[in-house]
Amino acid sequence: MNRPPLHPETLLRPRVPSPLQEVRDDRFARRGITLLLKRDDLIHPDLPGNKWRKLALNLEAAAGRTVLTFGGAYSNHLRATAAAGRLLGFPTIGMVRGDELARRPLNPSLARCAADGMRLHFVDRSAYRSKASPEALEGLLSLFGDVEVIPEGGSNALAAQGCAALGRELRGHTDVAAVACGTGGTLAGLAAGLDGGQRALGVPVLRGGFLGTTVTELQQEAFGGPAGSWSLDERFAFGGYARTTPELDAFAADFEHRHGLPVERVYVAKLLFALTALAEEGAFAPGSRVTGVITGTPDAPGPQESSVSR
C-alpha cells in the first residue's frame, strides 16, 4: 500500500534549533567556566526535548502506518508517541510493562496516552524483558499486522541520526556538551554531531554499567562506526532510575531558586548535579564552555517507575 510521505517537522513546527541560554552560577564562574543550557525542553509542548529528536525520523519512516512501541506505566516516550499519533493522524499501540496494570484504573500518564488514541496492550514483566528478541517481534507482527516497531525509549539508529542535529546546533558554541542518559540514543547522536575538539559527556540515570556498549552499538548502526568524542560518568545515578536522595532534591530545589528554571527530577536534576560536582572537582579547564542539555520538563502527570520507563 502506497502512503503519502509524512513530514513531522513541517506539520508540527518544532522550535529548532532550540535556544541556548547562559546561566550565571558562581559555582562555575569562580572556576572560570561558562555554564550554558541547551533548552530542548522548549522544542514542542507535546514532544519536548529528545522525544522530538528521537521520534522525528522514526515517524517519517513509519509513513502513516501504525506505530507500536514500549514503555512503563509512566513512560514519557509512550506519551510523546501517543501525542504524535494524535497530532499527525496515525494509530499508535503502547506495549506497557506489567500485566497487573490491566486490572487497575489507568494512571494519569496512561490515561493521557489513551485519550490521545493509543491502544494500550499490557504484558507481563517476563515477556516484556524479551521484547526485542526476534521471536517476540515476529509475534507482535503476527498479532498486530503492518506496524512500525520503535524500541523502548525510542533509541535506535534513526533516533541517533535525529539527535545528531543537537550536536550540529552546538558547533562553535561549547567545549563540552552533557546530557543525562537512559537508553543512550541522545548521547550517540549528540557526539556524532559535534565538531572535532568538542566532546560529549553522558550522565547515566540508572545503574548497570551497560550504557557504553549500547552507545557504541547505536553509533555502529547509525553512522557505521565510532562517531565523535564521548565519555560516561556513572557516579550520579542516585540509586537508580527515578530514584532520588534528600541531597539531590535539595540541589534541584536550590537550582530552581537560583535560576528560575523548573528542574525535571528523573534526568535533568542528575545532569545538573553532575556538572556542578565535576566543576568543583576541576574536571573542566578554566575558560571552558560547558553545556547541559535540558531534555525534558518536570510536568509528568505522576510518579515515575523505578525502572527504565522512558
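The following legends describe close-up views of a predicted model.

The model is predicted, with local features requiring pLDDT of at least 70 and side-chain atom pairs counting only at pLDDT 80 or more, whereas totals for chains, interfaces and linings use all residues. Residues are numbered from 1 along each chain as its sequence is written, and side-chain values use heavy atoms, with hydrogens and water left out.

**Figure 1. Helix α3, residues 50-62****.** Helices (H or I, at least four residues) and strands (E, at least two) are DSSP runs, numbered from the N terminus. Helix α3 comprises 13 residues and reaches 19 Å from its first C-alpha to its last, close to the 18 Å expected at 1.5 Å a residue; the expected span is 1.5 Å times one less than the number of residues. At Ala-56 the helix bends by about 30°, the bend being the angle between axes fitted to the seven residues ending there and the seven starting there. Of the 13 residues in α3, 10 are buried (under 20% relative accessible area; exposed means over 50% and partly exposed in between, with a 1.4 Å probe and protein chains only). Among the buried residues are Trp-52, Arg-53, Leu-55, Ala-56 and Leu-59.

**Figure 2. The open sheet of 6 strands****.** The strand order is β1-β2-β10-β7-β8-β9, and the pairing is mixed. Strands β1 (20-23) and β9 (230-232) are the edge strands, each pairing on one side only. From one strand to the next, the twist averages 25°; axes are lines fitted to C-alpha atoms, for helices over the stretch in contact, and angles run from 0 to 180 degrees between N-to-C directions. Strands β2 (residues 34-38) and β10 (residues 289-293) run parallel and are joined by 5 bridges; two strands pair if DSSP finds at least two bridges between them. Thr-34 has Arg-289 in β10 as its bridge partner.

**Figure 3. The aromatic pair Phe-70 and Tyr-128****.** A search of the whole structure finds 5 aromatic pairs. Rings of Phe, Tyr and Trp (its six-membered ring) pair if their centres lie within 6.5 Å; planes under 30 degrees apart count as stacked, over 60 as edge-to-face and the rest as tilted. The ring centres of Phe-70 and Tyr-128 are 6.4 Å apart and the ring planes lie at 75°, so this pair is edge-to-face. The pair links distant parts of the chain, with Phe-70 in strand β3 (residues 66-71) and Tyr-128 in helix α6 (residues 125-129), 58 residues apart. Phe-70 and Tyr-128 are both buried.

**Figure 4. The aromatic pair Phe-251 and Phe-273, and the cluster that includes these residues****.** The rings of Phe-251 and Phe-273 have their centres 5.2 Å apart and their planes at 70°, so the arrangement is edge-to-face. Phe-251 belongs to helix α11 (residues 246-259) and Phe-273 to helix α12 (residues 268-281); the two are 22 residues apart, and their pair links distant parts of the chain. Both Phe-251 and Phe-273 are buried. One aromatic cluster is formed by Phe-236, Phe-238, Phe-251, Phe-255 and Phe-273. Within this cluster, Phe-238 has a positive phi of about 50° although it is not a glycine. Phe-238 is found in the loop between β9 and α11, and its relative accessibility of 15% counts as buried.

**Figure 5. The loop between α1 and β1****.** Arg-13 is found in this loop, and its phi is near 50°, a positive value in a residue other than glycine. Arg-13 is exposed, with a relative accessible area of 71%. Pro-17 is also found in the loop between α1 (8-12) and β1. A cis peptide bond, with omega about -5°, joins Val-16 and Pro-17.

**Figure 6. Arg-27 and its polar contact with Asp-25****.** Arg-27 has its place in helix α2 (residues 26-29) and is buried, with a relative accessible area of 8%. The side chains of Arg-27 and Asp-25 make a polar contact (2.7 Å). A polar contact is a pair of N or O atoms within 3.5 Å; within protein, one must be able to donate a hydrogen and the other to accept it, and residues adjacent in sequence count only if both atoms are side-chain atoms.

**Figure 7. Ser-288 and Arg-31****.** Ser-288 lies in the loop between α12 and β10 and is buried, with a relative accessible area of 11%. Ser-288 and Arg-31 are 257 residues apart in sequence and, C-alpha to C-alpha, 9.4 Å apart in space.
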